[in-house]
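This briefing is an introduction to one protein chain for a reader who is new to structural description. Please look through the sequence and the structure before reading the notes that follow.

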Amino acid sequence: MIKLRYSKRLFKRSPSSKQQAAACGGGNGGAAGVGAGGAGEIEWEVRPGGMLVQKRDGKGGEEVIVVRVSTGFSWHDVSIGATSTFGELKLMLSMVTGLEPREQRLLFKGKEREDTDHLHMVGVRDKNKVLILEDPALKDMKLRALAARVVPSPCQPFIQV
């Protein structure tokens with residue numbers, strides 16, 4: 001176990017927590033609070049990228065960011081959680097654009113992003129721009145299927161055998 005020392009200036013304690021620390025037998029700064037499990041204990045969490053950070057207080061809930069999605073000729077502002085994935089963004093965009101998630105290609109900073117990539121891990125911040133493209137292979141398949149099904153021959157045979 002690693003004991004972490006921290007400055008009293010960074011983490012202020014309320015008078016009730018000082019009284020609790022004194023009651024537990026600790027009066028030597030942060031070491032008693034960490035070991036005794038009192039109000040001075042720092043809670044840690046592991047982020048999706050594997051980084052160990054101090055746990056947030058949770059008062060604000062999940063941070064919501066606004067992402068501007070450009071289709072080339074128009075754009076949409078979409079509100080989504082900062083820790084969401086590009087797959088979840090595709091689901092939200094399918095309601096706005098009408099394209100299914102498998103037909104969409106999302107580009108951020110010039111690179112196509114996978115559905116499992118998290119927005120905050122790639123660097124997407126509030127008011128950032130993401131480009132959406134329709135998958136050319138699926139678009140071509142849809143056009144071929146539409147052309148084969150819809151376009152009948154304009155000429156009628158006039159000689160029957």
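Predicted model: local features only at pLDDT ≥ 70, side-chain atom pairs only at ≥ 80, totals over all residues.

Leu-52 is exposed, because its relative accessible area is 56% and the cut-off for exposed is over 50%. Leu-52 is found in strand β2, which covers residues 52-54, and it belongs to a nonpolar surface patch together with Trp-44 and Val-46. The accessible area of these three residues together is about 330 Å².

**The chain as a whole**

- The secondary structure comes to five helices and seven strands.
- Along the sequence, these elements follow the pattern α-α-β-β-β-β-α-β-β-α-β-α.
- The chain has 161 residues, and buried residues make up 25% of them.
- Among contacts with a separation of 6 or more, 46% are between residues 24 or more positions apart.

**Salt bridges**

- Side chains of opposite charge can pair when their charged atoms come close.
- How many salt bridges does a search of the whole structure find? The search finds nine salt bridges.
- One of them joins the side chains of Glu-45 and Arg-47, with a distance of 3.5 Å from N to O. Glu-45 is partly exposed, with a relative accessible area of 24%, and Arg-47 also counts as partly exposed, at 26%.
- Another salt bridge is formed by the side chains of Asp-77 and Arg-68, at 3.1 Å from N to O. Asp-77 has a relative accessible area of 41% and is partly exposed; Arg-68 is partly exposed as well, with a value of 35%.
- The side chains of Lys-90 and Asp-115 meet in a salt bridge with an N to O distance of 2.8 Å. Lys-90 lies in helix α3 and Asp-115 in the loop between β6 and α4, so this pair ties together parts that are 25 residues apart in sequence.
- Asp-115, at 39%, counts as partly exposed.

- Glu-103 is placed in the loop between α3 (86-97) and β5 (104-108).
- This residue counts as buried, because its relative accessibility is 7%, and buried means under 20%.
- Which residues does Glu-103 touch, not counting those up to four places away in sequence? They are Leu-133, Glu-134, Asp-135, Leu-138 and Lys-142.
- Two of these residues, Glu-134 and Lys-142, are linked with Glu-103 in a network of salt bridges.

**Ser-70 in strand β3**

- Ser-70 has its place in strand β3, which covers residues 64-70.
- With a relative accessible area of 9%, Ser-70 is buried.
- A polar atom of the Ser-70 side chain lies 3.3 Å from the backbone nitrogen of Gly-72.
- Leaving aside neighbours within four places in sequence, Ser-70 is in contact with Trp-75, Lys-129, Val-130, Leu-131 and Ile-132.
- Strand β7 covers residues 129-134, and the contacts of Ser-70 include Lys-129 and Val-130.

**Two lysines with a positive phi**

- Most residues other than glycine have a negative phi.
- Lys-109 is not a glycine, yet its phi is positive, at about 55°. Lys-109 is in the loop between β5 and β6 (111-112).
- Lys-109 is exposed, because its relative accessible area is 64% and exposed means over 50%.
- Lys-127 likewise has a positive phi, of about 70°, although it is not a glycine. The loop that holds Lys-127 runs between α4 (119-122) and β7 (129-134).
- At 63% relative accessibility, Lys-127 counts as exposed.

Methods. Residues numbered from 1 in each chain as written. Heavy atoms only, no water. Helix = DSSP H or I, 4+ residues; strand = E, 2+ residues; numbered from the N terminus. Buried < 20%, exposed > 50% of the residue type's maximum accessible area, 1.4 Å probe, protein only. Polar contact = N/O pair within 3.5 Å; in protein donor to acceptor, adjacent residues only side chain to side chain. Contact = heavy atoms within 4.5 Å. Patch = residues over 30% accessible without salt bridge, like charges linked within 9 Å, V, L, I, M, F, W, Y side chains within 5 Å. Areas by Shrake-Rupley, 256 points an atom, 1.4 Å probe, with all protein chains shown as cover. Salt bridge = Lys/Arg side-chain N within 4 Å of Asp/Glu carboxyl O.
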